[in-house]
Amino acid sequence: MNHLTLNDGRSIPQLGFGTWKITDEDSAPLVKKAIETGYRHIDTAAIYGNEAGVGLGLRQSGVDREELFVTTKLWNDDHGDPAAALRTSLDKLGLEYVDLYLIHWPVPEQNLYASAWKTLVTLREQGLAKSIGVSNFYAETLDDLQDSGVVPAVNQVEIHPTFANRATIEANTARGIVTESWSPLGRAVDLDIPILELIAARVGASVAQVILAWHLAKNFVVIPKTVSPARMRENLETLDLVLTDSDLAAIDALDRGNRTGSDPRGTVPRPTPSSA
Ligand SMILES: NC(=O)c1ccc[n+]([C@@H]2O[C@H](COP(=O)([O-])OP(=O)(O)OC[C@H]3O[C@@H](n4cnc5c(N)ncnc54)[C@H](OP(=O)(O)O)[C@@H]3O)[C@@H](O)[C@H]2O)c1
């Protein structure tokens, strides 16, 4: 497994397993299967409603806690009390700590993210989150965290070939923040693009593998979700796929500004799993 080094000195497995839209019931067997397949990094969130199932799958895998990297996220309604929210998440997961705790969305209308961030710094000091970061933050909201003296380790944001999100990536890089791609396959919408099919045929890979290899080549952390054991393996095997510079440039040229999720500068995403 490839790892990237975070700005707090810890390391993160570059390819993880996303769990959004996987039910609590299905999460245990799927997380266990993912770990058996070779994944060591699992991404969940309080709003996904599956932390208990994810935690069960982690335990059922039999793999030592220290070998696993678990991320969960603070939901928008809980910016006022991140300590209580993390306690609830840890109880559901059945864990003593998470490896990464993220503020899920900045929700600028609430204007609570900077104070929530200061609490995350305390939670890290207490060892309840080994690393702390954000999700769906953009340059201005990242700058609003400066008073804390701690720069987020990760910013998890929407990125896939038809939504390159370049300004946010530049903002992350300039601040020493690792970029993590959510919906890295564009929720499967990006899988039918002819140029990707041509590259895939030439290199003997699937289109999903070509897209994931593009994320890895750009030094992003990437967390594809699948309920299929065969696709779990296929996505993990991307770690062995290297694309040429001209392939990478051809994929870069596919940017159309096609968001699949909410614009974090806009209205608050509705507090339901389907809008997370
Ligand atoms: N921070 C945030 O705000 C945020 C927002 C969205 C997502 N996320 C995180 O990012 C993770 C990934 O994003 P996502 O779940 O939205 O979308 P995604 O990973 O881009 O795409 C998932 C879709 O692609 C399909 N798929 C997966 N591997 C495939 C393969 N090899 N070949 C063909 N189809 C394949 C899946 O179908 P099957 O399941 O049927 O295989 C599913 O329909 C989430 O699970 C979640 O952990 C975070």
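Predicted model: local features only at pLDDT ≥ 70, side-chain atom pairs only at ≥ 80, totals over all residues.

Colleague: How many helices and strands does the protein have?

Modeller: Ten helices and ten strands. The radius of gyration is 18 Å, close to the 19 Å from the globule rule for 276 residues, so the protein is as compact as a globular protein of that length. The C-alpha trace spans about 50 × 40 × 35 Å along its principal axes.

Colleague: What share of the residues count as buried?

Modeller: 49% of the 276.

Colleague: And the largest nonpolar core, which residues have the most contacts inside it?

Modeller: Tyr-101, Ala-129 and Val-210. That core has 75 residues. Helix α8, residues 207–217, gives the most to it, with eight residues. In soluble globular proteins, nonpolar side chains tend to be buried together.

Colleague: What does Ala-129 touch?

Modeller: Leaving out residues up to four places away in sequence, its contacts include Leu-86, Tyr-97, Leu-100 and Tyr-101. Leu-120, Leu-123 and Arg-124 are also among them.

Colleague: Switching to the sheet. What is the strand order?

Modeller: β3-β4-β5-β6-β7-β8-β9-β10, an open sheet of eight strands with parallel pairing. β3 (17–18) and β10 (221–222) stand at the edges with a single partner strand each, so one side of each has no neighbour in the sheet.

Colleague: How many bridges join β8 to β9?

Modeller: Five, and the two strands run parallel. Within that pairing, Gln-156 has Glu-180 of β9 as its bridge partner. Gln-156 of β8 also stands opposite Ser-135. Two bridges join β7, residues 129–135, to β8, again in parallel.

Colleague: Is β9 enclosed or exposed?

Modeller: Largely enclosed by the rest of the structure, because five of its five residues, 178–182, are buried.

Colleague: Which way do its residues point?

Modeller: Val-178, Glu-180 and Trp-182 go one way, Thr-179 and Ser-181 the other, and all are buried. In a regular strand the side chains alternate between the two faces of the sheet.

Notes:
Residues numbered from 1 in each chain as written. Helix = DSSP H or I, 4+ residues; strand = E, 2+ residues; numbered from the N terminus. Rg over C-alpha atoms; globule rule 2.2 N^0.38 Å. Buried ≥ 20, exposed ≤ 12 C-beta atoms within 10 Å, placed from the backbone. Core = buried A, V, L, I, M, F, W, Y, C linked by C-beta atoms within 7 Å. Contact = placed C-beta atoms within 7 Å. Pairing = 2+ DSSP bridges.
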